[in-house]
Amino acid sequence: MRNEKLRYGVIGTGAIGGYYGARLAQSGQEVHFLLRSDYEYVKANGLQVDSCDGSFHLDSPWVYDQTEQMPKCDVVLVCLKSINNKKLQTLLPPLLKDDTLVVLIQNGIGVEQDVEQLFPGIQLAAGLAFICSAKTEPGRVNHQCYGQINLGNYSCKNEARISQVLADFNAAGVTAGLVEYHEARWKKAVWNMPFNGMTVALKTQTNLLLQNPATRQLIYEQMMEVIGAAQHLGVKNLDESFARKMLEMTDAMTPYSPSMRLDYDFHRPMEIHYLYTRPIQIAREAGYAMPKLEMLEAELKFLDVTNSLNPATDRN
């Protein structure tokens, strides 16, 4: 039996939040969007989604520039870059009820643990997005390929709420499923840790990394470091076959610049902590080292600093 319709809030209406929130809104769900730089533009012009699965426009979405103006929500999709999670201390409280489910659609390992420390007792789920999407101009999301999202229950006591969210996504044309939390986070890291950092370090895109035999082998070896760490930590259903699957999936993907490469190109701080530092630290504390990814982490920290100091650096 179908439950009462949920009210959704989206914090971070960028490439990810803009896409998933717009899909839900297009299907008839009540969705309230928090925007920052393009609030006035979207309020006046609506939100455009250019999608490989069919483009569409939201003429008059509910948009806000402060969460204090938003209603309390049944589900909050947090799509901020994880480097901004301290802002959740002020952004989240106006939206929360006792039973609000907060879905962190963010990259990396350890984000739920840290948000739980900010809000003891909060009901959290991980949102694992498998999507190529970008937002490079106001009010327009460019969805290039894929689009699936999985949810991993971290601390939600109401399993029916998670089931309804999954049903809402599927009804909106977004393939969604329930996965085991730790398995899902580490599986996402198998792709994220090699490709995000390598596209920045070598100033390239995913397809070129795989077309070159040397970098393809390096990507594979980095994937196996992540898989080895996950296995060492007791994560199930993750082995060498998953690395092969990720390589094949990326071979079929549209040439793509991951979110970290876009952050670097637009002189924004990169999500190094949760994508690299935290999982490397967790693995090391458990007695497992990831030397190739530790080297990539060091390179990214160097580039992050020099990028902020030299805004005119050529990206070509």
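This is a predicted model: local features need pLDDT of at least 70, side-chain atom pairs count only at pLDDT 80 or more; totals for chains, interfaces and linings use all residues.
With residues up to four places away in sequence left out, the contacts of Thr100 comprise Cys73, Asp74, Val75, Val76, Leu95, Gln123 and Arg161. Gln164 lies 64 residues from Thr100 along the chain, and the C-alpha atoms of Thr100 and Gln164 are separated by 13 Å.

The chain as a whole contains 12 helices and 10 strands. Its radius of gyration is 19 Å, close to the 20 Å given by the globule rule for 316 residues; the chain is therefore as compact as a globular protein of that length. Taken along the principal axes, the box filled by the C-alpha atoms is roughly 50 × 45 × 35 Å. Of the 316 residues in the chain, 55% are buried. Among contacts with a separation of 6 or more, 71% are made by residues 24 or more positions apart.

A search of the whole structure for aromatic pairs returned 4. One of these joins Tyr19 and Tyr20, whose ring centres are 5.3 Å apart and whose planes meet at 70°, so the pair is classed as edge-to-face; the cut-off for this class is an angle over 60 degrees. Both Tyr19 and Tyr20 are buried. Together with Phe169, Tyr19 and Tyr20 form one aromatic cluster.

Trp191 and Phe195 also form an aromatic pair, which is stacked, with 4.7 Å from centre to centre and 25° between the planes. Trp191 and Phe195 are separated by about one helical turn, because they are 4 residues apart in helix H6. Trp191 counts as buried because its relative accessibility is 10%, and Phe195 is likewise buried, with a relative accessible area of 0%.

Charged side chains are also placed over aromatic rings. The charged end of Lys188 sits over the ring of Phe130, at 5.7 Å from the ring centre. Arg244 lies over the face of Tyr220, and the distance to the centre of that ring is 4.4 Å.

Helix H9 spans residues 240–251 and comprises 12 residues. The distance from its first C-alpha to its last is 17 Å, close to the 16 Å expected at 1.5 Å a residue. The buried residues of H9 are Phe242, Ala243, Met246, Leu247, Met249 and Thr250. Viewed down the axis of H9, these buried residues fall within an arc of 165°, and they therefore line one face of the helix. Lys245 and Glu248, on the other side of H9, are exposed.

How values were computed: Residues are numbered from 1 along each chain as its sequence is written. Side-chain values use heavy atoms; hydrogens and water are left out. Helices (H or I, at least four residues) and strands (E, at least two) are DSSP runs, numbered from the N terminus. The expected span of a helix is 1.5 Å times one less than its number of residues. Buried means under 20% relative accessible area, exposed over 50%, partly exposed in between (1.4 Å probe, protein chains only). The arc is that of the directions from the helix axis to the C-beta atoms. Rings of Phe, Tyr and Trp (its six-membered ring) pair if their centres lie within 6.5 Å; planes under 30 degrees apart count as stacked, over 60 as edge-to-face and the rest as tilted. A charge sits over a ring if NZ of Lys or CZ of Arg is within 6 Å of the ring centre and within 35 degrees of the ring normal. The radius of gyration is taken over C-alpha atoms; the globule rule is 2.2 Å times the number of residues to the power 0.38. Contact means heavy atoms within 4.5 Å.
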